[in-house]
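Visitor: I am new to this structure and would like to learn how to read it. Please take the features one at a time.

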Amino acid sequence: MEKVTVNRLRKLKLQDQKIVMLTAYDFPFARILDEAGLDIILVGDSLGNVALGYKNTLPVTMEEMLVHTRAVARAVKNSLVVADMPFGSYQENDDKAAANAVKLVKAGAEAVKIEGAGYISAVKKIIKAGIPVLGHLGFTPQSVNLLGYKVQGRGTRDERKILKEAQALEKAGCFAVVLELVPEKLAAKITKILKIPTIGIGAGGKTDGQVLVTNDLLGLYENPPSFVKPKVNLRKIAKETVADFVKETKLI
Ligand code: KIV
């Protein structure tokens, strides 16, 4: 498989080919995902919920993102490695945002993801430093306390707002945009209007690509969102295997 670059993602949209993205937080899963032929591996700050046991993504630190980005980057050969900018790493000022993006690249990320459209000047500064930026609109988990965990972009005003934000991110130079928990009709409209790819999660099937949290897809997370149908129940398989080992060893 050819190494995935941001330019290749643009070509995939032009050729009407879907982009596939999943999350990874450690070396073994990143290796599996890369070997399975994913276009993008996201070191998501969902790390907080699914791997570190936090209630949400808000406590995730730069230091934690750096450790997990290094582990993922060491495993990946072909997929594009994108790292999330955690809450608090880009809000203070643009210089700090760019400095934190540089740290993630030094840890092995090839691009970074920023939530929302409120930090356009930070996005531009990061791109000026030579780092590709992936936008993220709709439900943005770092704003859960403001938005609530619910579908965004319902109603003409909200719809128009998200479309405008997507256009602003494209204009700022983002190479693609994640659309999370928005109505399928809105996701399809944005996908048609933007020249950059859209990657949906809980946004229907009409985006240029799809992203899921790997732990949800594989049935490893206890509380997956309702729009995910896990393909396998790895949690059950792992638990039964360990229980068997306990039985065998203790000769119960
Ligand atoms: O952190 C994450 O895993 C994400 C995806 C849900 C897009 O942002």
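Visitor: Where is K189 placed?

Guide: First, the ground rules. This is a predicted model, in which local features need pLDDT of at least 70 and side-chain atom pairs count only at pLDDT 80 or more, while totals for chains, interfaces and linings use all residues. Residues are numbered from 1 along each chain as its sequence is written, and side-chain values use heavy atoms, with hydrogens and water left out. Helices (H or I, at least four residues) and strands (E, at least two) are DSSP runs, numbered from the N terminus. K189 lies in helix α9.

Visitor: How many helices and strands does the protein chain have?

Guide: The protein chain has eleven helices and eight strands. Its radius of gyration is 18 Å, close to the 18 Å that the globule rule gives for 252 residues, so the chain is as compact as a globular protein of that length. That radius is taken over C-alpha atoms, and the globule rule is 2.2 Å times the number of residues to the power 0.38.

Visitor: What percentage of the residues is buried?

Guide: Buried means under 20% relative accessible area, exposed over 50%, and partly exposed in between (1.4 Å probe, protein chains only). Accessible areas come from the Shrake-Rupley method. Buried residues make up 47% of the 252 residues in the protein chain. K189, at 41% relative accessibility, is partly exposed.

Visitor: Which residues gather in the patch of positive charge?

Guide: Patches are made of residues with over 30% relative accessible area and no salt bridge, like charges being joined within 9 Å. A salt bridge is a side-chain nitrogen of Lys or Arg within 4 Å of a carboxyl oxygen of Asp or Glu. Lys and Arg count as positive, and the place of a charge is NZ of Lys or CZ of Arg. Here the surface patch consists of R160, K164, K185 and K189. Helices α8 (156-172) and α9 (184-193) each supply at least two of the patch residues.

Visitor: Is L181 buried or exposed?

Guide: L181 is buried, at 8% relative accessibility. Its phi is also positive, near 50°, and its loop runs between β6 (176-180) and α9.

Note on methods
Patches are made of residues with over 30% relative accessible area and no salt bridge: like charges are joined within 9 Å, nonpolar side chains (Val, Leu, Ile, Met, Phe, Trp, Tyr) within 5 Å. Accessible areas come from the Shrake-Rupley method with a 1.4 Å probe; for residues, only the protein chains shown count as cover.
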